[in-house]
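Me: I have a structure open and would like to go through it with you, piece by piece. Could you help me read it?

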Amino acid sequence: MEEFFHNPVMLNEVLDFIRQHEHSRILDGTLGLGGYSEKFLNEFPDCFVLGIDRDEKAIEFSRDRLKNFADRFEALQLNFSEINSINSPFDVYVFDLGVSNMQISDSSRGFSFQNDGPLDMRMNPNDKNLLTARDVLENYNEKDLAKIFFDYGEERFSRQIAKAVKNTRNELKTTGDLVNLIRETLPKPLQRKMGTHPARRVFQALRIFVNNETQELENLLKSLKKIESGALIIFVSYHSLEDRLVKKNFREWQQENLGKILTRHPLTPSENEVAENYKSRSAKLRAFSLIRG
């Protein structure tokens, strides 16, 4: 089994919340490479962990990685919005909304703007109901593309990039083609001042749109609200759209006396963590304690 580098983001903060709560049964709702699940299983020797992920490769990888915990760990291929199909409730629900290193590292998946690959970006490549990124770029009109880039990527030059895509869409075959187009479209002085890759926002927007991530998150939050037992719910998000949705729902839950917000303001990574794991720089953690009965 191929090895991938993975540091669970804000792990210490996640563990601190779990220690203060009943944690016999933990749901790792975005299993990925199994980084969180492995830490939970080691840290809490009496707990059972169920990991779910929509990516079949992630399930296979994590099952192999955590085979020594077979009596306390199970992995299921499932969208996290489908947790209501799981009969048994959990004490703790943890969701890291970032894309996994395995998906980024595999250029054939099309998530990476660093390595050339097909314009795919589907988290579950076997889901025939999902359009690929190339489908979107080839078939959506300029106005809709600009809206996707702006709404899901907060790209200030969304209209200019959408126009460039419309004019050259027949030439966009790979992620490298899209990166080159974005580099040619964005003002050079702006690119020199940017602290991140110039294609990051557009790639993020396409990934979110292709995988219906916003709707998935909204459905997940609706399902969590209906949990009938008390539970600790933790979200680690990486961009403002996700964070706003979580914040809005947590506030509504508290107003409806369903429980208590445990993070008045979102927690962010320490300077040391950002230095060791640059991916964590934009992470925000929010936690909520559901109360039932």
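Me: What is the order of the strands in the open sheet?

Reply: The open sheet has seven strands in the order E3-E2-E1-E4-E5-E7-E6, and the pairing is mixed. Strands here are DSSP runs of E with at least two residues, helices are runs of H or I with at least four, both numbered from the N terminus, and two strands pair if DSSP finds at least two bridges between them. This is a predicted model, in which local features need pLDDT of at least 70 and side-chain atom pairs count only at pLDDT 80 or more, while totals for chains, interfaces and linings use all residues. Residues are numbered from 1 along each chain as its sequence is written, and side-chain values use heavy atoms, with hydrogens and water left out.

Me: Is strand E2 mostly buried or exposed, and why?

Reply: Five of the six residues of E2 (residues 48-53) are buried, so the strand is largely enclosed by the rest of the structure. Buried means under 20% relative accessible area, exposed means over 50%, and partly exposed is in between, using a 1.4 Å probe and protein chains only.

Me: How many bridges join E2 to E3?

Reply: Five bridges join E2 to strand E3 (residues 73-77), and the two run parallel. Leu50 has Glu74 as its bridge partner in E3, and Gly51 stands opposite Ala75 in E3. With strand E1 (residues 25-28), E2 pairs in the parallel sense over four bridges, and there Leu27 stands opposite Leu50.

Me: New topic: how many aromatic pairs does the structure hold?

Reply: It holds eleven aromatic pairs. Rings of Phe, Tyr and Trp (its six-membered ring) pair if their centres lie within 6.5 Å, and planes under 30 degrees apart count as stacked, over 60 as edge-to-face and the rest as tilted. The ring centres of Phe80 and Phe95 are 5.9 Å apart with their planes at 80°, so this pair is edge-to-face.

Me: Where in the chain are Phe80 and Phe95?

Reply: Phe80 is in the loop between E3 and E4, while Phe95 is in strand E4, 15 residues apart, so to speak of the pair is to speak of a link between distant parts of the chain. Both Phe80 and Phe95 are buried, and they belong to one aromatic cluster that also includes Phe235, Phe250, Trp253 and Phe288.

Me: What lies over the face of Phe90?

Reply: Arg25 does, at 4.3 Å from the ring centre; a charge sits over a ring if NZ of Lys or CZ of Arg is within 6 Å of the ring centre and within 35 degrees of the ring normal. Phe90 is buried, with a relative accessible area of 2%.
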